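Here is a short briefing on a protein and the ligand it holds. Look over the sequence and the structure first, then read on.

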Amino acid sequence: MKVALATCASLPAGDGDDADVPGALADIGVESAWLRWGPETDTDTDTDTDADLVVLRSTWDYPERAAEFLSWCESVPVLANPAGVVKWNLDKAYLVDLIEAGVPVVPTAVATPGFDAWPEGEFVVKPTVGAGSRGALRVAAGDHEAAAAHLAGLGGPALVQPYQADVDHVGETALVFFGGRYSHAFTKGAMLVPDTVTDPTGLYLVERLDRAEPDAARRRTAEDVLDAATGLLGVRRADLLYARVDLIPGVDGRPLLLELELVEPSLGFGLADPGAPARFASAVRAALVDLP
Ligand SMILES: Nc1ncnc2c1ncn2[C@@H]1O[C@H](COP(=O)(O)OP(=O)(O)O)[C@@H](O)[C@H]1O
Ligand SMILES: [Mg+2]
């Protein structure tokens with residue numbers, strides 16, 4: 001059984017987070033190789049693969065090429081997570097679907113030019129397709145001019161959310177699931193704060209990550225998020241090879257969903273217990289066994 005780990009041309013051997021994954025796969029008899037995603041016409045992509053399954057791992061350049069990325073996903077015979085899941089999850093408007101499904105989510109509106117229902121206090125304007133905090137702006141209460149200018153500059157729809165200020169001292173908690181089962185968690189410091197620094201490439205803000213042991217409320221909320229999402233998608237939890245549920249505290253301290261990552265999540269192997277790569281590998285093998 002062979003698996004291709006999908007990455008982007010600028011990271012031909014992944015972004016480092018998955019360094020122990022090929023070894024963990026090999027330990028249970030699954031061969032793996034990195035595969036650079038992209039259209040057949042690009043010279044720096046890999047088009048030939050004899051893999052039984054392609055697993056999305058570090059395709060970090062997709063936000064700039066979302067339509068192209070989606071059609072590539074659709075061209076892959078067997079992809080994890082599946083192309084239909086990717087399609088729904090690429091556009092953060094999926095948060096509105098989850099709100100309608102009753103999940104506790106950071107209040108979210110989708111704004112297009114002319115939008116004027118800005119939240120009362122501080123708020124955030126960020127692209128609907130995005131990663132690495134790129135294009136996310138924290139706006140002071142009442143500064144509608146800055147918000148409208150940022151929205152126009154994004155050149156497409158944006159999400160508008162009240163700023164959840166407790167993130168500044170509590171941070172964000174990411175709960176990672178493999179094959180629908182909880183594996184581990186880590187925290188990420190607030191990103192829209194003055195002391196954040198940009199990586200030398202200018203591509204992303206440097207993240208401050210740490211190990212975490214989530215409390216019962218976060219565990220329960222993350223489970224509810226996965227149940228709601230799989231219900232909306234019409235798939236089984238086991239059909240999600242990996243999922244990351246990012247939670248931040250709401251005004252009353254209750255955990256709220258900030259993002260459900262089903263496309264390129266950093267799974268935080270470097271912050272997890274040493275068993276995490278093996279748990280991921282066994283979820284991959286379970287997906288292989290499930291193949292038609
Ligand atoms: N409504 C919000 N309240 C507080 N912080 C936010 C909010 N939206 C975004 N952030 C901050 O911005 C970062 C990036 O936003 P996020 O929605 O996670 O997009 P992405 O990680 O895909 O770029 C988050 O990790 C968080 O620190
Ligand atoms: Mg995020």
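Start with Ser133, which is found in the loop between strand 6 and strand 7 (137-139). Keep in mind that this is a predicted model. Ser133 has a positive phi of about 65°, although it is not a glycine. Ser133 also belongs to the residues that come nearest to ligand 1.

**Contacts with the ligand**
- Which residues come nearest to ligand 1? They are Lys92, Lys126, Ser133, Glu172 and Glu259, out of 21 residues around it.
- The side chain of Lys92 has an N or O atom 2.6 Å from an oxygen atom of ligand 1.
- Ser133 uses its backbone: an N or O atom there lies 2.7 Å from an oxygen atom of ligand 1.
- Met191 also has a backbone N or O atom by the ligand, 3.0 Å from an oxygen atom of ligand 1.
- Taken alone, ligand 1 exposes 540 Å², and the protein buries 98% of that.

**Where the ligand sits**
- Ligand 1 sits in the largest pocket.
- Domain 2 (94-103 + 166-271) and domain 3 (109-162) both give residues to the shell around ligand 1, so the ligand lies between these domains.
- Strand 6 (123-127), strand 8 (158-162) and strand 13 (255-261) each supply at least two residues of that shell.
- What is the shell made of, by residue type? Eleven of its residues are nonpolar, five are polar and five are charged.

**Backbone points to check**
- Most residues other than glycine have a negative phi, and most peptide bonds are trans.
- Ser133, with its positive phi of about 65°, is one place to look.
- The peptide bond from Ala80 to Asn81 is another: it is cis, with omega near -5°.
- Asn81 has its place in the loop between strand 4 (79-80) and helix 3 (83-90).

Technical notes. Residues numbered from 1 in each chain as written. Chains lettered and ligands numbered in written order. Predicted model: local features only at pLDDT ≥ 70, side-chain atom pairs only at ≥ 80, totals over all residues. Heavy atoms only, no water. Near = heavy atom within 4 Å. Polar contact = N/O pair within 3.5 Å; in protein donor to acceptor, adjacent residues only side chain to side chain. Areas by Shrake-Rupley, 256 points an atom, 1.4 Å probe, with all protein chains shown as cover. 1 Å grid on protein atoms, 1.4 Å probe; cavity = no way out; pocket = protein on both sides within 12 Å on 5 of 7 lines; lining within 4 Å. Sits in = over half its atoms within 2 Å of the grid points. Helix = DSSP H or I, 4+ residues; strand = E, 2+ residues; numbered from the N terminus. Nonpolar A, V, L, I, M, F, W, Y, C, P; charged D, E, K, R; others polar. Domains from an automatic or database assignment.
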